Amino acid sequence: MRSASARDRGIQSDPRWSAYVEQRVQYVQATPHQHNESVAAEMIGTLNSARLQGPVTNQLRAIYNEASARRVSGGEVARIGPVQATASTRTSAYTNTEAKGKGAARGK
């Protein structure tokens, strides 16, 4: 998340946004596997309201989808790596591990 924040021009344009992202990352790191889904959802909503769509929002979607899948399955799921830049910030980074190489599934 920190690397996404460092390359997100919208986040870097205002030190308050950088501080917000850093504070939420520190909170999640202090409580691993407990609050990832709720914090990611809160951050997505906050950044969307501020019209900040970029690498941080993409990474948050991946984190939210992974945490949601883990909660639903009742255990661990495949970890999602850092989101690679794409032409669209609206592309889901969630990978369907059951597709076995057939492509990415769109997370909802």
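1. Confidence. The mean pLDDT of the protein (the predictor's confidence in each residue, from 0 to 100) is 77, and 67% of its residues reach 70 or more. This is a predicted model, in which local features need pLDDT of at least 70 and side-chain atom pairs count only at pLDDT 80 or more, while totals for chains, interfaces and linings use all residues. Residues are numbered from 1 along each chain as its sequence is written, and side-chain values use heavy atoms, with hydrogens and water left out.

2. Helices are DSSP runs (H or I, at least four residues), numbered from the N terminus. Over residues 102-108 pLDDT stays under 50, and the model has 10 contacts for them beyond four places in sequence; contact means heavy atoms within 4.5 Å.

3. Nonpolar core. The largest nonpolar core has 14 residues, and those with the most contacts inside it include I11, V21, M43 and V56. Such a core is a set of buried Ala, Val, Leu, Ile, Met, Phe, Trp, Tyr and Cys residues joined through side-chain atoms within 4.5 Å; buried means under 20% relative accessible area, exposed over 50%, and partly exposed in between (1.4 Å probe, protein chains only). At least two residues of this core come from each of α3 (15-30), α4 and α5, with α4 supplying the largest share, five residues.

4. Helix α3. Because the 16 residues of α3 should span 22 Å at 1.5 Å a residue, the 23 Å between its end C-alpha atoms agrees; the expected span is 1.5 Å times one less than the number of residues. S18, Y20, V21, R24, V25 and V28 are buried in α3. They cover an arc of only 160° around the axis, and therefore lie on the same side of α3; the arc is that of the directions from the helix axis to the C-beta atoms. P15, R16 and A30 are exposed on the other side. The buried residues of α3 pack against α1, α2, α4 and α5.

5. S5. This residue lies in helix α1 (residues 2-6) and counts as buried because its relative accessibility is 7%. Beyond four places in sequence, S5 touches I11, Q12, V21 and V56. V21 in turn touches M1, S5, I11, M43 and V56, with the same exclusion.

6. R51. In the loop between α4 (36-49) and α5 (55-73) lies R51, whose phi is near 60°, a positive value in a residue other than glycine. Most residues other than glycine have a negative phi. R51 counts as exposed, at 75% relative accessibility.
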